[in-house]
Amino acid sequence: MLTAFGGMAAGMLQAAAENAETTAALLELETEAVSVQLQEDLAQLKPNVILETVQSWTPALLSFAYRLVIAALIVLIGMKVIRVIKGILKRSFERMNMDVSVSKFLLSVANAVMYALTLFIAADKIGIPSASIIALLGSAGLTVGLALQGSLANVAGGILILVTRPFAVNDYVICAGMEGTVHNIGLTYTTLITVDNKKITIPNGTISNTTIVNVTSQDKRRVDVEVGIGYSSDMKRAKEVIRRVYENHPKVLVEEGITVFVGSLADSAVMIGGRGWVKTEDYWTVLWDVTEQIKEAFDAEGIEIPFNQMDVNIRTMDAGK
(Lines give C-alpha, C1' and ligand atoms only; values in the text may rest on other atoms or scores of the structure.)
Protein backbone atom coordinates (compact mmCIF):
# COMPACT_ATOMS: atom_id res chain seq x y z
CA MET A 1 0.00 0.00 0.00
CA LEU A 2 2.85 2.38 0.82
CA THR A 3 4.45 1.40 -2.41
CA ALA A 4 1.27 2.31 -4.31
CA PHE A 5 1.00 5.67 -2.50
CA GLY A 6 4.64 6.43 -3.29
CA GLY A 7 4.06 5.65 -6.93
CA MET A 8 1.01 7.90 -7.02
CA ALA A 9 2.97 10.79 -5.40
CA ALA A 10 5.82 10.35 -7.80
CA GLY A 11 3.37 10.47 -10.71
CA MET A 12 1.82 13.69 -9.41
CA LEU A 13 5.25 15.33 -8.96
CA GLN A 14 6.24 14.31 -12.45
CA ALA A 15 2.98 15.76 -13.80
CA ALA A 16 3.57 19.01 -11.88
CA ALA A 17 7.08 19.25 -13.25
CA GLU A 18 5.79 18.75 -16.76
CA ASN A 19 3.14 21.44 -16.24
CA ALA A 20 5.81 23.85 -14.92
CA GLU A 21 7.99 23.20 -17.94
CA THR A 22 5.00 23.79 -20.23
CA THR A 23 4.14 27.10 -18.46
CA ALA A 24 7.76 28.26 -18.69
CA ALA A 25 7.81 27.47 -22.37
CA LEU A 26 4.60 29.48 -22.93
CA LEU A 27 5.99 32.48 -20.99
CA GLU A 28 9.18 32.35 -23.04
CA LEU A 29 7.17 32.33 -26.25
CA GLU A 30 5.06 35.31 -25.09
CA THR A 31 8.20 37.22 -24.03
CA GLU A 32 9.76 36.62 -27.42
CA ALA A 33 6.56 37.84 -29.13
CA VAL A 34 6.49 41.06 -27.02
CA SER A 35 10.17 41.63 -27.73
CA VAL A 36 9.63 41.26 -31.45
CA GLN A 37 6.66 43.68 -31.34
CA LEU A 38 8.69 46.24 -29.33
CA GLN A 39 11.55 46.05 -31.78
CA GLU A 40 9.11 46.64 -34.63
CA ASP A 41 7.62 49.66 -32.82
CA LEU A 42 11.06 51.10 -32.14
CA ALA A 43 11.96 50.57 -35.75
CA GLN A 44 9.02 52.77 -36.73
CA LEU A 45 10.32 55.62 -34.50
CA LYS A 46 13.41 56.22 -36.54
CA PRO A 47 14.89 59.76 -36.58
CA ASN A 48 13.97 60.23 -40.21
CA VAL A 49 10.26 59.83 -39.37
CA ILE A 50 10.48 62.53 -36.64
CA LEU A 51 12.36 64.81 -39.00
CA GLU A 52 9.79 64.28 -41.70
CA THR A 53 7.03 65.24 -39.22
CA VAL A 54 8.89 68.38 -38.15
CA GLN A 55 9.59 69.24 -41.77
CA SER A 56 5.91 68.94 -42.56
CA TRP A 57 5.20 71.51 -39.83
CA THR A 58 7.97 73.89 -40.93
CA PRO A 59 6.05 75.84 -43.62
CA ALA A 60 3.21 76.65 -41.23
CA LEU A 61 5.62 77.65 -38.47
CA LEU A 62 7.65 79.83 -40.80
CA SER A 63 4.48 81.46 -42.13
CA PHE A 64 3.24 82.25 -38.61
CA ALA A 65 6.66 83.58 -37.58
CA TYR A 66 6.71 85.78 -40.70
CA ARG A 67 3.25 87.16 -39.95
CA LEU A 68 4.26 87.74 -36.30
CA VAL A 69 7.33 89.72 -37.36
CA ILE A 70 5.25 91.80 -39.77
CA ALA A 71 2.70 92.53 -37.01
CA ALA A 72 5.48 93.59 -34.62
CA LEU A 73 6.93 95.91 -37.26
CA ILE A 74 3.48 97.41 -37.87
CA VAL A 75 3.09 98.13 -34.14
CA LEU A 76 6.56 99.69 -33.83
CA ILE A 77 6.16 101.84 -36.93
CA GLY A 78 2.61 102.74 -35.91
CA MET A 79 3.78 103.98 -32.49
CA LYS A 80 6.36 106.25 -34.10
CA VAL A 81 3.80 107.59 -36.59
CA ILE A 82 1.31 108.21 -33.76
CA ARG A 83 3.90 110.24 -31.83
CA VAL A 84 4.59 112.36 -34.92
CA ILE A 85 0.89 112.95 -35.59
CA LYS A 86 0.27 113.86 -31.92
CA GLY A 87 3.08 116.41 -32.10
CA ILE A 88 1.61 117.93 -35.26
CA LEU A 89 -1.88 118.09 -33.71
CA LYS A 90 -0.55 119.64 -30.50
CA ARG A 91 1.31 122.38 -32.37
CA SER A 92 -1.75 123.02 -34.54
CA PHE A 93 -3.98 123.40 -31.48
CA GLU A 94 -1.48 125.80 -29.90
CA ARG A 95 -1.41 127.95 -33.05
CA MET A 96 -5.23 127.98 -33.00
CA ASN A 97 -5.17 129.20 -29.34
CA MET A 98 -7.46 126.32 -28.47
CA ASP A 99 -8.52 125.92 -24.85
CA VAL A 100 -6.22 123.58 -22.91
CA SER A 101 -9.08 121.33 -21.79
CA VAL A 102 -10.39 120.95 -25.34
CA SER A 103 -6.94 120.25 -26.81
CA LYS A 104 -6.17 117.60 -24.17
CA PHE A 105 -9.49 115.88 -24.78
CA LEU A 106 -9.06 115.86 -28.58
CA LEU A 107 -5.48 114.57 -28.27
CA SER A 108 -6.68 111.74 -26.00
CA VAL A 109 -9.42 110.74 -28.45
CA ALA A 110 -7.04 110.87 -31.43
CA ASN A 111 -4.46 108.85 -29.52
CA ALA A 112 -6.99 106.13 -28.64
CA VAL A 113 -8.32 105.92 -32.22
CA MET A 114 -4.85 105.68 -33.78
CA TYR A 115 -3.70 102.97 -31.36
CA ALA A 116 -6.89 100.99 -31.99
CA LEU A 117 -6.36 101.16 -35.77
CA THR A 118 -2.74 100.04 -35.38
CA LEU A 119 -3.73 97.05 -33.25
CA PHE A 120 -6.50 96.08 -35.69
CA ILE A 121 -4.08 96.10 -38.62
CA ALA A 122 -1.49 94.09 -36.67
CA ALA A 123 -4.09 91.54 -35.54
CA ASP A 124 -5.30 91.12 -39.13
CA LYS A 125 -1.72 90.35 -40.25
CA ILE A 126 -1.38 87.66 -37.59
CA GLY A 127 -4.59 86.05 -38.80
CA ILE A 128 -7.15 87.34 -36.29
CA PRO A 129 -10.18 88.69 -38.20
CA SER A 130 -10.80 92.37 -37.48
CA ALA A 131 -14.55 91.78 -37.72
CA SER A 132 -14.37 89.43 -34.73
CA ILE A 133 -12.47 92.01 -32.68
CA ILE A 134 -14.95 94.76 -33.59
CA ALA A 135 -17.90 92.51 -32.71
CA LEU A 136 -16.31 91.66 -29.36
CA LEU A 137 -15.61 95.32 -28.58
CA GLY A 138 -19.14 96.24 -29.62
CA SER A 139 -20.67 93.67 -27.29
CA ALA A 140 -18.42 94.78 -24.42
CA GLY A 141 -19.23 98.43 -25.11
CA LEU A 142 -22.98 97.74 -25.07
CA THR A 143 -22.70 95.90 -21.75
CA VAL A 144 -20.62 98.66 -20.18
CA GLY A 145 -22.94 101.32 -21.58
CA LEU A 146 -26.01 99.76 -20.02
CA ALA A 147 -24.23 99.46 -16.68
CA LEU A 148 -22.92 103.04 -16.69
CA GLN A 149 -25.77 105.06 -18.14
CA GLY A 150 -25.41 107.92 -15.64
CA SER A 151 -21.66 108.17 -16.09
CA LEU A 152 -22.00 108.11 -19.87
CA ALA A 153 -24.48 111.00 -19.61
CA ASN A 154 -21.82 112.94 -17.73
CA VAL A 155 -19.25 112.05 -20.39
CA ALA A 156 -21.62 113.26 -23.13
CA GLY A 157 -22.16 116.46 -21.13
CA GLY A 158 -18.41 116.92 -20.81
CA ILE A 159 -17.97 116.54 -24.57
CA LEU A 160 -20.70 119.15 -25.17
CA ILE A 161 -19.04 121.57 -22.75
CA LEU A 162 -15.63 121.10 -24.38
CA VAL A 163 -17.05 121.54 -27.88
CA THR A 164 -19.51 124.41 -27.30
CA ARG A 165 -17.27 126.07 -24.63
CA PRO A 166 -19.90 128.05 -22.66
CA PHE A 167 -17.11 128.76 -20.16
CA ALA A 168 -13.41 128.16 -19.70
CA VAL A 169 -11.02 127.65 -16.82
CA ASN A 170 -10.80 130.73 -14.53
CA ASP A 171 -14.24 132.01 -15.61
CA TYR A 172 -16.73 132.91 -12.88
CA VAL A 173 -19.99 131.09 -13.61
CA ILE A 174 -23.41 130.54 -12.07
CA CYS A 175 -25.05 127.19 -12.87
CA ALA A 176 -27.14 124.49 -11.19
CA GLY A 177 -27.74 126.81 -8.22
CA MET A 178 -23.99 127.12 -7.59
CA GLU A 179 -21.46 129.80 -8.46
CA GLY A 180 -17.71 130.13 -8.39
CA THR A 181 -14.54 130.26 -10.44
CA VAL A 182 -14.03 127.33 -12.81
CA HIS A 183 -11.02 125.37 -11.55
CA ASN A 184 -11.13 122.31 -13.80
CA ILE A 185 -13.26 120.97 -16.66
CA GLY A 186 -13.07 117.18 -16.67
CA LEU A 187 -14.66 114.64 -18.93
CA THR A 188 -17.29 113.76 -16.29
CA TYR A 189 -17.18 116.54 -13.66
CA THR A 190 -16.51 120.29 -13.51
CA THR A 191 -14.96 121.82 -10.39
CA LEU A 192 -15.73 125.31 -9.08
CA ILE A 193 -13.98 127.29 -6.35
CA THR A 194 -16.26 129.66 -4.44
CA VAL A 195 -15.24 133.12 -3.19
CA ASP A 196 -14.82 131.69 0.32
CA ASN A 197 -12.54 128.95 -1.08
CA LYS A 198 -14.98 126.04 -1.12
CA LYS A 199 -14.60 123.36 -3.78
CA ILE A 200 -17.79 122.40 -5.64
CA THR A 201 -17.90 119.39 -8.02
CA ILE A 202 -20.83 119.35 -10.46
CA PRO A 203 -21.63 116.49 -12.90
CA ASN A 204 -21.28 117.59 -16.50
CA GLY A 205 -24.63 116.01 -17.33
CA THR A 206 -26.31 118.46 -14.95
CA ILE A 207 -24.40 121.45 -16.34
CA SER A 208 -25.23 120.60 -19.96
CA ASN A 209 -28.97 120.55 -19.13
CA THR A 210 -29.20 123.76 -17.13
CA THR A 211 -28.83 127.51 -17.64
CA ILE A 212 -25.24 128.75 -17.39
CA VAL A 213 -24.40 132.36 -16.53
CA ASN A 214 -20.81 133.24 -17.42
CA VAL A 215 -20.10 136.33 -15.37
CA THR A 216 -16.55 136.98 -16.59
CA SER A 217 -16.83 136.11 -20.28
CA GLN A 218 -16.91 139.81 -21.27
CA ASP A 219 -14.25 142.46 -20.71
CA LYS A 220 -16.57 144.88 -18.91
CA ARG A 221 -19.67 144.80 -16.74
CA ARG A 222 -22.32 147.32 -15.74
CA VAL A 223 -22.69 148.33 -12.11
CA ASP A 224 -26.37 148.93 -11.32
CA VAL A 225 -27.47 150.64 -8.11
CA GLU A 226 -31.04 151.53 -7.10
CA VAL A 227 -31.78 153.69 -4.08
CA GLY A 228 -35.11 154.90 -2.66
CA ILE A 229 -35.61 158.49 -1.45
CA GLY A 230 -38.52 160.03 0.37
CA TYR A 231 -41.28 161.76 -1.56
CA SER A 232 -40.44 165.01 0.22
CA SER A 233 -36.76 164.87 -0.84
CA ASP A 234 -35.32 166.76 -3.84
CA MET A 235 -35.38 164.19 -6.64
CA LYS A 236 -33.18 166.16 -9.03
CA ARG A 237 -30.63 166.79 -6.32
CA ALA A 238 -30.54 163.07 -5.54
CA LYS A 239 -29.90 162.25 -9.22
CA GLU A 240 -27.01 164.74 -9.34
CA VAL A 241 -25.47 163.15 -6.24
CA ILE A 242 -25.62 159.66 -7.71
CA ARG A 243 -24.11 160.86 -11.01
CA ARG A 244 -21.30 162.62 -9.18
CA VAL A 245 -20.47 159.48 -7.18
CA TYR A 246 -20.14 157.47 -10.40
CA GLU A 247 -18.10 160.13 -12.17
CA ASN A 248 -15.66 160.57 -9.28
CA HIS A 249 -14.84 156.89 -8.88
CA PRO A 250 -11.47 156.18 -10.57
CA LYS A 251 -12.44 152.71 -11.82
CA VAL A 252 -15.69 153.71 -13.52
CA LEU A 253 -15.36 153.91 -17.31
CA VAL A 254 -16.84 157.40 -17.72
CA GLU A 255 -16.33 157.35 -21.50
CA GLU A 256 -18.81 154.43 -21.72
CA GLY A 257 -21.55 156.68 -20.35
CA ILE A 258 -23.33 157.01 -16.99
CA THR A 259 -27.11 156.78 -16.72
CA VAL A 260 -29.18 158.05 -13.76
CA PHE A 261 -32.96 157.66 -13.88
CA VAL A 262 -36.15 157.41 -11.84
CA GLY A 263 -36.95 153.73 -11.83
CA SER A 264 -40.35 153.62 -10.16
CA LEU A 265 -42.65 155.29 -7.68
CA ALA A 266 -42.95 152.80 -4.86
CA ASP A 267 -45.37 152.88 -1.94
CA SER A 268 -43.04 154.70 0.39
CA ALA A 269 -40.13 155.87 -1.78
CA VAL A 270 -39.07 157.18 -5.16
CA MET A 271 -36.65 154.61 -6.63
CA ILE A 272 -33.69 156.23 -8.39
CA GLY A 273 -31.23 154.06 -10.34
CA GLY A 274 -27.70 154.55 -11.52
CA ARG A 275 -25.68 152.64 -14.12
CA GLY A 276 -22.00 152.78 -15.01
CA TRP A 277 -19.54 150.52 -16.80
CA VAL A 278 -16.38 149.07 -15.24
CA LYS A 279 -13.82 146.40 -16.10
CA THR A 280 -15.03 142.94 -15.14
CA GLU A 281 -12.35 142.43 -12.51
CA ASP A 282 -13.36 145.74 -10.81
CA TYR A 283 -17.08 144.99 -10.57
CA TRP A 284 -17.40 144.10 -6.90
CA THR A 285 -15.02 146.83 -5.72
CA VAL A 286 -16.93 149.52 -7.59
CA LEU A 287 -20.35 148.18 -6.52
CA TRP A 288 -19.44 148.26 -2.83
CA ASP A 289 -17.73 151.67 -3.08
CA VAL A 290 -20.60 153.31 -5.00
CA THR A 291 -23.22 151.97 -2.57
CA GLU A 292 -21.31 153.28 0.44
CA GLN A 293 -20.53 156.67 -1.11
CA ILE A 294 -24.15 157.28 -2.17
CA LYS A 295 -25.30 156.72 1.41
CA GLU A 296 -22.66 159.13 2.74
CA ALA A 297 -23.49 161.75 0.10
CA PHE A 298 -27.23 161.51 0.80
CA ASP A 299 -26.60 162.01 4.51
CA ALA A 300 -24.44 165.06 3.77
CA GLU A 301 -27.09 166.56 1.44
CA GLY A 302 -29.95 165.81 3.83
CA ILE A 303 -31.67 163.43 1.39
CA GLU A 304 -33.84 160.97 3.23
CA ILE A 305 -33.69 157.24 2.53
CA PRO A 306 -36.99 155.79 3.83
CA PHE A 307 -37.01 152.66 5.92
CA ASN A 308 -39.69 150.67 7.69
CA GLN A 309 -40.55 151.98 11.12
CA MET A 310 -42.70 150.64 13.89
CA ASP A 311 -44.47 152.90 16.42
CA VAL A 312 -44.96 151.35 19.85
CA ASN A 313 -47.53 152.98 22.17
CA ILE A 314 -47.37 152.16 25.88
CA ARG A 315 -50.54 152.71 27.89
CA THR A 316 -50.62 152.64 31.63
CA MET A 317 -53.64 151.50 33.61
CA ASP A 318 -54.76 152.96 36.92
CA ALA A 319 -54.38 150.74 39.94
CA GLY A 320 -57.44 148.69 40.67
CA LYS A 321 -58.67 148.66 37.12
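**Entry 1: the sheet of three**

I started with an open sheet of 3 strands, ordered β6-β8-β7 and paired in the antiparallel sense. Its edge strands are β6 (220-229) and β7 (258-265), each of which pairs on one side only. From one strand to the next, the twist averages 25 degrees.

Before going on, I noted what I am working with. This is a predicted model, in which local features need pLDDT of at least 70 and side-chain atom pairs count only at pLDDT 80 or more, while totals for chains, interfaces and linings use all residues. Residues are numbered from 1 along each chain as its sequence is written, and side-chain values use heavy atoms, with hydrogens and water left out.

My terms, for the record: helices (H or I, at least four residues) and strands (E, at least two) are DSSP runs, numbered from the N terminus. Two strands pair if DSSP finds at least two bridges between them. Axes are lines fitted to C-alpha atoms, for helices over the stretch in contact, and angles run from 0 to 180 degrees between N-to-C directions.

Next I looked up the pairing of β6 with β8 (residues 270-279), which is antiparallel over 10 bridges. K220 stands opposite K279 in β8. Helix α8 (residues 283-301) lies across β6 and β8, at about 25 degrees to β6; contact here means heavy atoms within 4.5 Å.

**Entry 2: the sheet of five**

I then turned to an open sheet of 5 strands, with the order β4-β3-β2-β1-β5 and antiparallel pairing. The edge strands here are β4 (199-203) and β5, and each pairs on one side only. Neighbouring strands of this sheet are turned by 40 degrees against each other on average, direction ignored.

I followed β1 through its two partners. β1 (residues 172-175) pairs with β2 (residues 178-185) in the antiparallel sense over 4 bridges. The two form a hairpin with 2 residues between them, and A176 in the turn has a positive phi of about 55 degrees. I found M178 in β2 as the bridge partner of C175, and G180 as that of V173. With β5 (residues 212-214), β1 pairs in the antiparallel sense over 3 bridges, and C175 stands opposite I212 there.

**Entry 3: rings and charges**

How many aromatic pairs does the count come to? I get 2, where rings of Phe, Tyr and Trp (its six-membered ring) pair if their centres lie within 6.5 Å; planes under 30 degrees apart count as stacked, over 60 as edge-to-face and the rest as tilted. The Y283 and W284 pair is edge-to-face because the ring centres are 5.2 Å apart and the planes stand at 85 degrees. W284 and W288 form a tilted pair, with 5.8 Å centre to centre and 35 degrees between the planes. These two are 4 residues apart in helix α8, so about one helical turn separates them. Y283, W284 and W288 form one aromatic cluster.

I checked accessibility too (buried means under 20% relative accessible area, exposed over 50%, partly exposed in between; 1.4 Å probe, protein chains only). Y283 is buried at 11%, W284 is partly exposed at 46% and W288 is exposed at 54%.

Last, I looked for charges over rings (NZ of Lys or CZ of Arg within 6 Å of the ring centre and within 35 degrees of the ring normal). The charged end of R221 sits over the ring of Y283, 3.7 Å from its centre. That of K220 sits over the ring of W277, 5.4 Å from its centre.
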